[in-house]
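Dear colleague,

I am handing over the structure we spoke about, and my notes on its side-chain interactions and packing follow directly below it. Please read them with the coordinates open.

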Amino acid sequence: MTTDAPHASISTVRAARLAAQGLDGGFDSPAAAVDRLVCLQAQDLAAAKWVLGSRVAGATEATIDAAIDERVLLRSWPMRGTLHFVAPEMLRPILRLTAARLMQRAAKTHRDEGIDDEVHAVARRVAVHELEGGRAATRDELQAAWAAAGIDTAGQRGYHLIWRLANEGLLCCGPVETRARQRFVLLDEWSPRRSDEPRDTDEILGRLFAGYARGHGPVTVRDFAWWTGLTLTQARVALAAAGGAVVPFDAERFVAADAPSTASAPSGHHVLAPFDEYFLGYGDRTAFCSEADALRVVPGKNGLFLPILVAGGEVVGTWRRAPVRKGTTSIEVTRFRGRPAVSRFRPAFQRWAAFWSTELGEITTA
């Protein structure tokens, strides 16, 4: 799908992105959603389950848990130093692009934490010993094993060791333990290398840009650089390597060559998770959220993103859930500029409640 205008209208961009992200009709499985979007930020596991659930018709939390345990999607640290759900065939290739730069950025932190080559080698050896043979361990169990081997895991040292080993492709998140936590496993045992993994650097870049355009388009080269954490030079190479898999949408943006045609007027009312890709997946968010409202989604610019309400492709508010009482969950909504009516979001909240196996209670406005 392309447009003839040098710069497409905001309405057209919103409609195309809703369709690309699966928010206009949904996917038939979590695997299909991850295949389209390639990577979805997932440092908050419970929130990330709803990122997928909001895109998969009829999904429940059990649907997402099953997809994780069946290994049709992986959760690790492929990009920007944070956790993502990622298509299994793309985790190792993406790490080939991103890991060295991430490790370079983390070098000072690791020195400050006393994580030198000797500590790293011991931690790696202990992790393999604890996990090989198809075993899994919690973060606390891994840290206890490291402590027994003489490694101090106080503060964030244990986390940094796990992060480093995951960036090396040794570890990844494995079976679901609780709503908000997975156990750790050896990546090569949990998800062995696949024949369809791209190996050449340009091929990886091209597939990643094509996948990003397919699941997020219309997108710019700068959007891609922000999303991946790669350089603008690498992003330009990625665009060239994508070849005919992407086509111009307007003067700056690109979409997948097989992107579906969409209506020029975006529609629908969506209840989305914190860190949802519709908000987080772009370096420039002005097409769907004003700069003033963006500060309300990320109050204090502290990296914590609130759950959002989207109407017609525009971010129009935030929301929060109350603690479950007698099997019922109430919702408090904060609307930007007092619109649209909360009642418009009730069907979306009912779908959210069904996903979490709770009854929807009262929806109030802050």
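**Salt bridges, cores and rings**

Asp196 has a relative accessible area of 32%, so this residue is classed as partly exposed. Please keep in mind throughout that this is a predicted model. The partner of Asp196 is Arg194, with which it forms a salt bridge whose closest N and O atoms are 3.1 Å apart, and Arg194 is itself partly exposed, at a relative accessible area of 33%.

A search of the whole structure finds 20 salt bridges. One of particular interest joins Glu197 to Arg92, where the closest N and O atoms are 3.0 Å apart. This pair links distant parts of the chain, since Glu197 lies in the loop between α9 (187-190) and α10 (201-216) whereas Arg92 belongs to helix α5, 105 residues apart. Both Glu197 and Arg92 are buried.

Another salt bridge is made by the side chains of Glu314 and Arg337, at 3.5 Å from N to O. Because Glu314 lies in strand β10 (residues 314-321) and Arg337 in the loop between β11 (328-335) and α15 (346-355), the pair ties together parts that are 23 residues apart in sequence. Glu314 has a relative accessible area of 17% and is therefore buried, while Arg337, at 49% relative accessibility, counts as partly exposed. There is also a network in which salt bridges with shared partners join Lys49, Glu61, Asp65 and Arg179.

**Nonpolar packing**

The largest nonpolar core holds 94 residues, and the members that touch the most others are Phe85, Phe224, Phe279, Val315 and Phe349. A second, separate core has 26 residues, among them Trp77, Leu83, Leu102 and Ile151.

Which residues does Val315 contact, leaving aside its neighbours within four places in sequence? They are Phe279, Phe288, Cys289, Asp293, Val297, Ile308, Leu309, Val310 and Phe336.

Helix α5 (residues 88-112) also contains Leu91, which counts as buried because its relative accessibility is 1%. With neighbours within four places in sequence left aside, Leu91 is in contact with Leu74, Ser76, Pro78, Val86 and Leu187. Leu91 and Ser191 are 100 residues apart in sequence, yet their C-alpha atoms are 9.9 Å apart in space.

**Aromatic rings**

The count of aromatic pairs comes to 15. The rings of Phe279 and Phe288 have centres 6.1 Å apart and planes at 65°, so this pair is edge-to-face, and both residues are buried. Why is the pair of Phe355 and Trp356 classed as edge-to-face? Their ring planes stand at 90°, with the centres 4.8 Å apart, and an angle over 60 degrees is what that class requires. Phe355 and Trp356 are both buried.

Ring pairs also link Phe275, Tyr278, Phe279, Tyr282, Phe288 and Phe305 into a cluster. One of these residues, Tyr282, has the charged end of Arg17 over its ring, 3.9 Å from the centre. Elsewhere, Arg285 lies over the face of Trp226, at 5.3 Å from the ring centre.

With best regards

Key. Residues are numbered from 1 along each chain as its sequence is written. This is a predicted model: local features need pLDDT of at least 70, side-chain atom pairs count only at pLDDT 80 or more; totals for chains, interfaces and linings use all residues. Side-chain values use heavy atoms; hydrogens and water are left out. Helices (H or I, at least four residues) and strands (E, at least two) are DSSP runs, numbered from the N terminus. Buried means under 20% relative accessible area, exposed over 50%, partly exposed in between (1.4 Å probe, protein chains only). Contact means heavy atoms within 4.5 Å. A nonpolar core is a set of buried Ala, Val, Leu, Ile, Met, Phe, Trp, Tyr and Cys residues joined through side-chain atoms within 4.5 Å. Rings of Phe, Tyr and Trp (its six-membered ring) pair if their centres lie within 6.5 Å; planes under 30 degrees apart count as stacked, over 60 as edge-to-face and the rest as tilted. A charge sits over a ring if NZ of Lys or CZ of Arg is within 6 Å of the ring centre and within 35 degrees of the ring normal. A salt bridge is a side-chain nitrogen of Lys or Arg within 4 Å of a carboxyl oxygen of Asp or Glu.
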